Amino acid sequence: MIITNDFIPFHRAEITSQEINNVIDALKSGWISKGPKVVEFEEKLASFLNTKHVITCNSGTAALHMALLSMRIGPGDEVIVPSFTFCSSVNVILHVGATPVFVDINEDNFCLNISDVKSKISAKTKAIIAVHFAGYPADLKELSCLARDNELYLIEDAAHAFTTKFNNQYIGTHGDAICFSFYATKNITTGEGGALVVSNDTLAEKARLYGWHGISKNAWNRYTSEGSWKYDVMLPGFKYNMTDIQAAIGSSQLEKAEMMRNKKEKIASYYSENLNEISEFIKVPFYKKEVGLQHGWHLFVIRVKNNNFINRDEFIERMKERKIGLSVHFIPVHLHPYYKTNFPTSLPVTENIYDEIVSLPLYSNLTKEETSYIVKSIKEIFMGASR
Ligand SMILES: Cc1ncc(COP(=O)(O)O)c(C=O)c1O
């Protein structure tokens, strides 16, 4: 991410002396791989989310992979997943040898459509992956019932949903496995990183093994005075662990997670109020204030209506000329060449929405001047083009 004075990047992580000093502390401690800071970060995350088992790892993708592995999902099994997500939500299903079954999303909140999920459950279905798109929670009440009634696992892809609440509780306490990403642009970051949250003791034990070569618990401390050189490999696992350097950043980020979310909510309200004035051209994201629901505000995705003088792609170019970086979340997975060839399907809402979506900058250290310049630029582009 290039940060210059005259370009407003799509994202800018809020890294202050807090994170920097904590990283220096990790570097000076002599532990730079998985060590005490990882253990501390896991404990802090568990207490923040009010949950039992948190397994940190080196990406949200690894968290998803560990979830599927620990559930023994594999060849012959089907996993229901939206196409309106980042490709890794689907790639991991293939990594375990199972088959992805794509479902469509709701036109309003971009989360998976429950009736389409119902229609795609088969005797082979083992799990549903629900993506909390942009930080808005999927309907966990309906999904939990569906999963329970059909004896399926409910996996939450919560890459966008750190600090999102459903039914007054943070995402992290509802499904069987909840997978967070701490990538650079996410609600809290460790640069690269992620965490898997599970409540079941057996799943937690399995996931820990899969995430660290299949080596039995706590062997990370084998080079300390308390550790032992002996260890056992219980299954062929992966090397997915987080490092103390990453955990040092994460612990500092966690302390300001709610503060950053609150700032983003204010920016989102400002965007919504102002951009609603040009609703003939663009549509602001759906946000129904419901009791117990808290939006995580990872993304602010507007829709550039198709009947405009300017289409979505032209709009992105015009904003770039004004030195504003935008992005698109997401190119639907089923439209990528590999999936188009191997898992062809038609998802009308997803396809229709894809042509119109564009994500505006949304981060806690976006200044008032920057926010108002972004809104002013959008208005000028559309009002100018309509004349
Ligand atoms: C919805 C979704 N799922 C999973 C991931 C993967 O997370 P990571 O990049 O940490 O592997 C992302 C990352 O962008 C994402 O947006």
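**A surface patch and a ligand site**

Let me begin at the surface, where Ile15, Ile20 and Ile24 together form a nonpolar patch with about 240 Å² of accessible area. Please keep in mind, as we go on, that this is a predicted model. Isoleucine 15 sits in the segment before α1, the helix that covers 17-29. Is isoleucine 15 buried, partly exposed or exposed? Its relative accessible area is 41%, and therefore isoleucine 15 is described as partly exposed, since that class lies between the limits of 20% and 50%.

Now I would like to turn to the ligand, which has 15 residues around it, and of these Gly60, Thr61, Asp157, Ser181 and Lys186 come nearest. If we sort the shell around the ligand by residue type, we find 4 nonpolar residues, 9 polar ones and 2 charged ones.

At glycine 60 the backbone takes part, with an N or O atom that lies 2.8 Å from an oxygen atom of the ligand. Lysine 186 contributes through its side chain, where an N or O atom is 2.8 Å from an oxygen atom of the ligand, whereas aspartate 157 places a polar side-chain atom 2.7 Å from a nitrogen atom of the ligand.

How much of the ligand does the protein bury? Taken alone, the ligand exposes 390 Å², and the protein buries 91% of that area. As for the elements that give two or more residues to this shell, they are α3, which spans 60-70, and α4, which spans 88-95.

Key:
Residues numbered from 1 in each chain as written. Predicted model: local features only at pLDDT ≥ 70, side-chain atom pairs only at ≥ 80, totals over all residues. Heavy atoms only, no water. Near = heavy atom within 4 Å. Polar contact = N/O pair within 3.5 Å; in protein donor to acceptor, adjacent residues only side chain to side chain. Areas by Shrake-Rupley, 256 points an atom, 1.4 Å probe, with all protein chains shown as cover. Helix = DSSP H or I, 4+ residues; strand = E, 2+ residues; numbered from the N terminus. Nonpolar A, V, L, I, M, F, W, Y, C, P; charged D, E, K, R; others polar. Patch = residues over 30% accessible without salt bridge, like charges linked within 9 Å, V, L, I, M, F, W, Y side chains within 5 Å. Salt bridge = Lys/Arg side-chain N within 4 Å of Asp/Glu carboxyl O. Buried < 20%, exposed > 50% of the residue type's maximum accessible area, 1.4 Å probe, protein only.
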